[in-house]
Amino acid sequence: MDLGNYSAITEFILLGLSADPHVQALLFVLFLGIYLLTIMGNLMLLLVIKSDFHLHTPMYSFLSHLSFVDICFSSVTVPKMLENLLSQKKTISVEGCLAQVFFVFVAAGTEACLLSVMAYDRYAAICHPLLYGQIMSKQLYMQLVWGSWGLGFLDALINIFLAVKMVFCKAQVIPHYSCEMPSLFSLSCSEISSNLIALLCSTLLHGLGTFVLVFLSYIRIITTILSISSTSGRSKAFSTCSSHLIAVTLYYGSGLLRHLMPNSGAPIELIFSVQYTVVTPLLNPLIYSLKNKEVKAALARTLEKYLKHIRC
């Protein structure tokens, strides 16, 4: 395609969630509150896990990385959305947009991998409790953690390497509150077949691939739980993975649907995006703290230590 007649654009306009100034003001207050609660909730979980030696296990180490990813995930998109809700000029530079896409890929990919290795951790703990220490060794734990981060960055690098070659010369309006890869394809006047293939492979291999690992782990977990004779034993076994199961459902339910549906700017797309980039990072620390007896006990001990320190 001859691009000589086109004038390449340097910034995009983000339409956001609403054009009504009154609605924008309400959304600003709502999302600012969500963002602050997300940061505080995940930082609190990180602090509790780090300070309480009872939680120095692979399961809670994975959870601490998940909390850090959630802080990053929310911080990639929400601050710019808050800025645009108060600004008349709702723009983002092409470089800033691509940077946002890159870090969304890193956070989303890493979180998907962490959720899958957490499912494997629960499989090892419930299905092979006597061998758990051998299966989930420190060496394997480190490999799983850094492998999750590595795959997240690799996925992001492949997609962003192809994205920087795109030439944007059509309508510069993005019907969204943030930059996501599917939203950029319709704005490009260059060949995007390789970008589409890369995104499809990322969604199928990185998204659906990790989901399959979670699914297989839970098939074995459920089979093992159902084979337990006592009701109290089944209840105790299920309680150890119920928080993770809720987190998986929230994340994959909205994330995969958003990236598998065609990009049309429909309100349902915005709802799914808000769910997995804004709401899920807020809910994860609540789910793991409210439904987990060990975390609640550790939180009580941490608060007790803090209050004693203040009194002294």
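**Ground rules.** I am working with a predicted model, where local features need pLDDT of at least 70, side-chain atom pairs count only at pLDDT 80 or more, and totals for chains, interfaces and linings use all residues. Residues are numbered from 1 along each chain as its sequence is written, and side-chain values use heavy atoms, with hydrogens and water left out.

**Helix pair.** I looked up helix 1 (residues 21-51) and helix 2 (residues 58-86), which pack at about 160° with axes 9 Å apart. Helices here are DSSP runs (H or I, at least four residues), numbered from the N terminus. Axes are lines fitted to C-alpha atoms over the stretch in contact, and angles run from 0 to 180 degrees between N-to-C directions. The two helices are therefore roughly antiparallel (over 145 degrees).

**Disulfide.** I then searched for disulfides, meaning cysteine sulfur pairs within 2.5 Å, and the count came to 1. Cysteine 97 is joined to cysteine 179, S to S 2.0 Å. The pair links distant parts of the chain, 82 residues apart: cysteine 97 lies in helix 3 (residues 94-127), and cysteine 179 in the loop between strand 3 (173-174) and helix 6 (181-185). Strands are DSSP runs too (E, at least two residues).

**Other cysteines.** I checked cysteine 113, which is in no disulfide; its nearest cysteine sulfur, in cysteine 72, is 15 Å away. Cysteine 113 counts as buried, at 5% relative accessibility. For cysteine 127, the closest cysteine sulfur is in cysteine 241, at 9.3 Å, too far for a bond.

Key
Angles under 35 degrees count as roughly parallel, over 145 as roughly antiparallel, 65 to 115 as roughly perpendicular and the rest as oblique. Buried means under 20% relative accessible area, exposed over 50%, partly exposed in between (1.4 Å probe, protein chains only).
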